[in-house]
Amino acid sequence: MKQVVYIFSVFILLLACNNDKNYKIEGRLSNLDNTTLYAVFESSEGNLIDTLAYDEKGKFVVFHEQDDNLQTITFYYNERKDWFAVYPEVGKTIQVKGDAKYPQLIQVKGSKINNKLSEFKKKAETTLKEQANISNNRNDHHLSNGESSLQLANINLELKRLAQEFISQNPKEEASVILINEYFTHPDEVEQTEDLLDLISPELNDYYLVKNLRAQIAKVKTTIIGAKAPAFNVTNIYGKAITPDTFLNKYFILAFTALWCDMCQTEIMMLDDIATKYPKDSLEILLVSLDDEMEEVREMILQDSIKWNLVTDSAGQAIHLFEKYNVNSLPKCFLIDKNGMIKLRTSNGVELKQTVDEIME
């Protein structure tokens, strides 16, 4: 019996030593539904997806062998609608604990980055919980979309304020870079992103996320106001090739839209007013629609009294333009001048119409 105990002890010791070269995550989440928990291991070499089992108390354990390229492990649940991230460290056991209904409040501890992010979550706990409650109420139809959107906008402003405060107080922490990536990467806020990144200590210049953000800023700057509009070559629904040279010596509007997007309708974006007010020899509009069914789009367009110049995504053209112009939300319009320079980037039809009127009159 003693020999068996000794052998078992040696086995545990060897296992523990081996774990010093691995990643280990121990978690316990309450209010998990009976859905699969997915773990996405994100590295510079690509992503690996795995499914996890958890017991009736929401406990789960993850072991992963050492990988110098591993950056983040993101866990998805609730049909992949909710998620939380873990920043692993070799030889450290990461502890995850929280309520699955509040993914942004899940505490992750056991390494420097995770501990710092948990510190931020603790400071922002009230605001983060309010954000989750509003989102849950909207999903349950307890709040109208307009009412909840206004509340969420105010909450997001407060979270940005708290994040900015944390970043300025912790310039040497990777956690600060993660918060910049989470709260300040909207294409329309590139200057603020750059200012915050300048606060980060030069010691972190080689951190992968700093490099990614710098590259992202450089890309976004290609489509800010004052930049030369990126070149493209697409074919509209009538089979005509369209490039920026098509609009040489005239203003044109590049309008990103989709049939399923209510706010993208041409009348709401005031494109109808603009199209009927200004002749095509002085201003043209190119619609870029994120729709696969060209015939459906063509049928709807042909019913309109205005003959729209339209590009659809039947051959991946729209996706290409969306990426080239850094469009990540709809609607989005670019006003481009006679020299091919971007004069306006907006999702507001009133602003678009006012700017066009000021320039053209």
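Visitor: In which loop is Gly239 found?
Guide: Gly239 sits in the loop that lies between strand E9 (234-235) and strand E10 (241-242). The model is predicted, and local features need pLDDT of at least 70 and side-chain atom pairs pLDDT 80 or more, while totals for chains, interfaces and linings use all residues. Residues are numbered from 1 along each chain as its sequence is written, and side-chain values use heavy atoms, with hydrogens and water left out.

Visitor: Why does Gly239 count as exposed?
Guide: Its relative accessibility is 55%. Exposed means over 50%, buried under 20% and partly exposed in between, with a 1.4 Å probe and protein chains only. Gly239 therefore counts as exposed. From C-alpha to C-alpha, Gly239 lies 46 Å from Asn69, and the two are 170 residues apart in sequence.

Visitor: What share of the protein counts as buried?
Guide: Of its 361 residues, 43% count as buried. The protein exposes about 19900 Å², of which carbon and sulfur atoms supply 50%; the area comes from the Shrake-Rupley method with a 1.4 Å probe. The C-alpha trace spans about 95 × 45 × 40 Å along its principal axes.

Visitor: How many helices and strands are there?
Guide: The protein has 11 helices and 15 strands. These are DSSP runs numbered from the N terminus: helices (H or I) have at least four residues, strands (E) at least two.

Visitor: What makes E2 and E3 a pair?
Guide: Two strands pair if DSSP finds at least two bridges between them. Strand E2 (residues 37-43) is joined to E3 by 7 bridges, and the two run antiparallel. A hairpin through 2 residues connects E2 to E3.

Visitor: Why are E3 and E6 said to stand at the edges?
Guide: They belong to an open sheet of 4 strands in the order E3-E2-E5-E6, with antiparallel pairing. Strand E3 (46-52) and strand E6 (82-86) each have a single partner strand, so one side of each is left without a neighbour in the sheet. From one strand to the next the twist averages 20 degrees.

Visitor: Where do the axes of H5 and H7 come together, and which residues make the contact?
Guide: The axes of helix H5 (residues 174-183) and helix H7 (residues 208-220) come within 9 Å and cross at roughly 35 degrees. H5 contributes Val177, Ile178, Ile180 and Asn181, and H7 contributes Leu209, Val210 and Leu213. Contact here means heavy atoms within 4.5 Å. By class the contact has 6 nonpolar, 1 polar and no charged residues.

Note on methods:
Axes are lines fitted to C-alpha atoms, for helices over the stretch in contact, and angles run from 0 to 180 degrees between N-to-C directions. Ala, Val, Leu, Ile, Met, Phe, Trp, Tyr, Cys and Pro count as nonpolar, Asp, Glu, Lys and Arg as charged, and the others, Gly among them, as polar.
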